[in-house]
Amino acid sequence: MADRWSSGTAYEGYVGRWSRKVARKFVPWVAAAPQSRWLDVGCGTGALTSAILALADPGSVVGVDPSAAYVDHVRSVVTDPRAEFGVGDALALGRDDGEFDAVVSGLVLNFVPDPAAGLTEMQRVARAGATVAAYVWDYGRGMEMVRHFWDAAVDHDAAAAHAEEGTRFPLCQPEPLAALFAAAGLTGIVTDAIVVPTVFADFDDFWTPFLGGQGPAASYAMSLSEDARAELRELIRSRLPADSTGAIPLTARAWAVRGTVTR
């Protein structure tokens, strides 16, 4: 079962809306100077680029993503003249050496087939003294929406364990992230938790995004038979906390990491 990344609208309803909350905390934390040249690696539907444009007073922002569908989506919703977007690979960014003052990535680094090589490429296009930074979901415990899904999925069918992000992505914890950045030669490495509320209006608001097929959990859900998917849905429903209005108050934790390029 391959992860699918083919619909910007479906991704927004799934985790894009929550990534936007994280991005608004992450961008000030990066602390790039005004008028910096930014590169957003794996820009997706524009959560991080939008936060940079709104909060960082950039000179320019370039967003690249391997999904042509996501690039088409972000071009339609982010029209700021300081931003440009293109299809690109994190392992071969196609930009000049030392071109950027800040190179960032949101919810992408763990999906790069070779994260170390991806980080090397991010450094290549950053000038000496530039900041390279990223954030990823804490799939182990802190991203509660995804955690509730996989805990139920594995209890429903133990074979689901091979697909769940907490198992697949051990990188998504502060110690491995810091070690990756240190091994790449970055200095002044800092990691931090970013926690945001993810309040779902009701169970349908929680469940429907998993039917969009974007990313590992939703791809898994849509790989099931209709009966198995209905059984999983009801198991999750029975376990989720809900307040007196039917809203489901959860939180999502991302781990952020940054370092400085030295030449």
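Reader: How many strands are in the open sheet, and in what order?
Author: The model is predicted. It has 7 strands in an open sheet, ordered 3-2-1-4-5-7-6, and the pairing is mixed.

Reader: Which strands stand at the edges?
Author: Strand 3 (83-87) and strand 6 (187-200) do. Each has a single partner strand, so one side of each is left without a neighbour in the sheet. From one strand to the next, the twist averages 20 degrees.

Reader: What joins strand 1 to strand 4?
Author: Strand 1 (residues 37-41) and strand 4 (residues 100-106) run parallel and are joined by 3 bridges. If you want a place to look, aspartate 40 stands opposite valine 104 in strand 4.

Reader: Ok, helices. What does helix 1 touch in the sheet?
Author: Helix 1 (residues 8-30) packs on the sheet and touches strand 1, strand 4, strand 5 (126-137), strand 6 and strand 7 (248-260). The direction of helix 1 makes about 145 degrees with that of strand 6.

Reader: And where does helix 7 lie?
Author: Helix 7 (residues 174-183) lies across strand 5, strand 6 and strand 7. The angle between helix 7 and strand 7 is about 20 degrees.

Reader: New topic. Which residues touch the most other members of the largest nonpolar core?
Author: Phe26, Trp137, Met145, Phe149 and Phe206, out of 89 residues in that core. Helix 1 gives the largest share of this core, 10 residues.

Reader: What does methionine 145 touch?
Author: Leaving out residues up to four places away in sequence, methionine 145 touches Tyr14, Val15, Trp18, Phe200, Phe206, Phe210 and Leu250.

Reader: What volume does the largest pocket have?
Author: About 560 Å³. Its lining has 36 residues, and those closest to the centre are Gly42, Asp65, Leu107, Val108 and Phe111.

Reader: Which element gives the largest share of that lining?
Author: Helix 1, with 4 residues. Elements giving two or more residues to the lining also include strand 1, helix 2 (47-55), strand 2 (60-65), strand 5 and helix 9 (215-223).

Reader: Back to helix 2, then. Which of its residues are buried?
Author: Ala47, Leu48, Thr49, Ala51, Ile52 and Leu53 are buried in helix 2.

Reader: What covers them?
Author: The cover over the buried residues of helix 2 includes helix 1, strand 1, strand 2, strand 3, strand 4 and strand 5.

Reader: And what comes just after helix 2?
Author: Aspartate 57, which takes a positive phi of about 50 degrees.

Key: Residues are numbered from 1 along each chain as its sequence is written. This is a predicted model: local features need pLDDT of at least 70, side-chain atom pairs count only at pLDDT 80 or more; totals for chains, interfaces and linings use all residues. Side-chain values use heavy atoms; hydrogens and water are left out. Two strands pair if DSSP finds at least two bridges between them. Axes are lines fitted to C-alpha atoms, for helices over the stretch in contact, and angles run from 0 to 180 degrees between N-to-C directions. Contact means heavy atoms within 4.5 Å. A nonpolar core is a set of buried Ala, Val, Leu, Ile, Met, Phe, Trp, Tyr and Cys residues joined through side-chain atoms within 4.5 Å. Buried means under 20% relative accessible area, exposed over 50%, partly exposed in between (1.4 Å probe, protein chains only). On a 1 Å grid over the protein atoms alone, a cavity is a set of points where a 1.4 Å probe fits but cannot get out, and a pocket is an open set with protein on both sides within 12 Å along at least five of seven lines; lining residues have an atom within 4 Å of a point. Grid points are joined across faces, edges and corners, and a volume is the space filled by probe spheres set on the points.
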